[in-house]
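Work through the exercises below on aromatic rings and their surroundings. Each task is followed by its solution.

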Amino acid sequence: DYWVDKVDEWCTRDCLLSKANGVMRVELPGKQNQHRIMRGIVAEGGAMELRFRARSRGAGPVTFTWGTVSVFSDPANAAPVKLVTDGNWREYAVPFQAEGTLALLAFNFDPGEGSVEFDWIRLFGNGKGGRQLVKDWTFA
C-alpha cells in the first residue's frame, strides 16, 4: 500500500498524518518501508535552521532532508535527528546549508511502529540582519 495524507500542505508517504488538539500527528504503522513526511517550499537558501517542538512514542531514528530547485534529491542534504521516544515534549534544532533556492523539507523515519506529534515547526534563514523566521507552521 502507498498512503498519502495532508495537513497544512505537509504530506506523507507510507504513514498516517492527522491534525487534532493543536498538533500534527504522524502515525508509523510498522511497515518495512521508510516512512516520510514532506513539505514543498520556495525560499532563499543559505545557512538555515529547522526548529520544532515534538514528542515521540516509539518512533526510531529520523533523518531530516532538504532539496533545492537545482538539486532536489541529494544524499548529502541530510541531517540525523535523535528523537527522544519517551512521549515528553522537547524542542529540536537542525542547522543546515541549502545551496540555491530551497524547495523541499522532509522527515524520513526508519521502518518501525510508533508516533510523533509536532506542536510547531519553524524554518529560519540567516540573512543580512541575522537569523530571520522564514516560515512558521503552528498546528492549532
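A residue is buried at under 20% relative accessible area, exposed at over 50% and partly exposed in between, with a 1.4 Å probe and protein chains only. The model is predicted, so local features need pLDDT of at least 70 and side-chain atom pairs pLDDT 80 or more, while totals for chains, interfaces and linings use all residues. Residues are numbered from 1 along each chain as its sequence is written, and side-chain values use heavy atoms, without hydrogens and water.

**Exercise 1.** Decide whether Phe52 is buried or exposed.

Solution. Phe52 has 1% relative accessibility and therefore counts as buried. Phe107 also has 1% and is buried.

**Exercise 2.** Classify the ring pair of Phe52 and Phe107.

Solution. Rings of Phe, Tyr and Trp (its six-membered ring) pair if their centres lie within 6.5 Å; planes under 30 degrees apart are stacked, over 60 edge-to-face, the rest tilted. The centres of Phe52 and Phe107 are 5.2 Å apart and the planes stand at 80°, so this pair is edge-to-face. Strands are DSSP runs (E, at least two residues), numbered from the N terminus. Phe52 is in strand S5 (residues 35-57) and Phe107 in strand S8, so the pair joins parts 55 residues apart in sequence.

**Exercise 3.** Find which residues the ring pairs link into a cluster.

Solution. The count is 10 aromatic pairs. Trp10 and Phe107 make a tilted one, with 6.1 Å between centres and 35° between planes. The cluster consists of Trp10, Phe52, Phe64, Trp66, Tyr92, Phe96, Phe107, Phe118 and Trp137.

Definitions and conventions:
Helices (H or I, at least four residues) and strands (E, at least two) are DSSP runs, numbered from the N terminus.
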